[in-house]
Amino acid sequence: LAGDAAADVYAYAEASGYYRQALELLEPAEADNQLLIDLYTHLGRALELNTQFDEALVIYEELEMLARQRNSRSLELAALMALVTVLSFGSATFDIIRAEALSERSLTLARDLDDQVSEARILWGLSNIYSFTNRLERAIEYGEHSLALSRQLNLRQQMAFTLNDVARGYLFFGRLNQAQESAREAWRIWRELENQPMLADNRALASQIATYTGHYDQALTYSNEAFHISQVANNIWGQSYSRFLVGTVYWEYGQPGEAITVTADGVHLSEVAGFVAGQVVTRATLGVIYAGLGAAERGIELVDQALGIVSSAAQFHRVSIRAALAQIHLLHGNLAEAEAALSRAKADPHRADLPIHFLPVILADGELALRQ
């Protein structure tokens, strides 16, 4: 109860401390499955929200071990679903291959147990996995299946999670109107449920959609809302995610000072939060901004840093980062270097993972042809 109370006011370090004390007091052999599920998953979630993803992974693996010891399928299902969440998140624990294998196992288990609530959650998780592995049509199909099941069972929270993430799938696929509608419906439910971390996540996503659709005033408003909510909730991840693309908006508005400040802040916050994609994208954005102001060497240095950081959690961003490098070379008339960067982008094995990330390559390629 003390852990829940701390989590409700975003004191995640204190919450995880209380949950750990509760686990120490507990004799696992005497505890019922539901109590074990509640304690382990609440502890893991508190650790996730405190950006302690490695520790959350250990907790969920302990729960899986308990499930095997007890030969409990319900306990195993809870452990698998929790593991998938932390493995498919864009942090240092990201392991999409393992996440997909565990998701397939848990889906079979949920259907065997006729657990439709878990099935809706697993379909949502698989939708996210497919979004990041070049299977967008399948991602949307699974997301829409999860949403239909959630509506049928009136699972308000699951509806919001699925709507939020299928909106991201629509965005990656270029279906921007559907992305906006899905994100908007998710936002209404998150407000109803008063879930502040997810409200922040939703506003950050809405900011990205607004950036891609050219609604820059909205992009800034949503970004600032997401940042403020995350600040109040002491959620560093949310703060970093809120700054994901907004530097580009300030640059387009002709406000380079603001663009540098907000993007550099995004780089720092992403490092603190362990948000790998944020570290990569915001660095590349900052590099293009510096190059646009005449500091080409500084710009190239930042983009090279971004390429060096790219890991299994952000490989699909490498293509757009190489496009940023080409853009910097084009700004300074280095056509051969720009062509080399674009050739590497086109040959990247992840070039088609997220179609919207290939757009900067196409644009830079057109600019190169014009210069030539």
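Glu64 counts as buried because its relative accessibility is 11%; buried means under 20% relative accessible area, exposed over 50% and partly exposed in between, with a 1.4 Å probe and protein chains only. This is a predicted model, where local features need pLDDT of at least 70, side-chain atom pairs count only at pLDDT 80 or more, and totals for chains, interfaces and linings use all residues. Residues are numbered from 1 along each chain as its sequence is written, and side-chain values use heavy atoms, without hydrogens and water.

Glu64 forms a salt bridge with Arg105, with the closest N and O atoms 3.9 Å apart. A salt bridge puts a side-chain nitrogen of Lys or Arg within 4 Å of a carboxyl oxygen of Asp or Glu. The pair links helix H4 to helix H6 (residues 96–112), across 41 residues. Helices are DSSP runs (H or I, at least four residues), numbered from the N terminus.

Arg105 is partly exposed, because its relative accessibility is 40%. Arg105 also meets Glu76 in a salt bridge, at 2.8 Å, N to O. Glu76 sits in helix H5 (residues 73–87), 29 residues from Arg105. At 23% relative accessibility, Glu76 counts as partly exposed.

Another salt bridge joins Asp165 and Arg168, at 2.5 Å, N to O. These two lie 3 residues apart in helix H9 (residues 156–173), so about one helical turn separates them. Asp165 is buried at 11% relative accessibility, and Arg168 is buried at 12%. Elsewhere, shared partners join Glu64, Arg68, Glu76 and Arg105 into one salt-bridge network. The structure holds 18 salt bridges.
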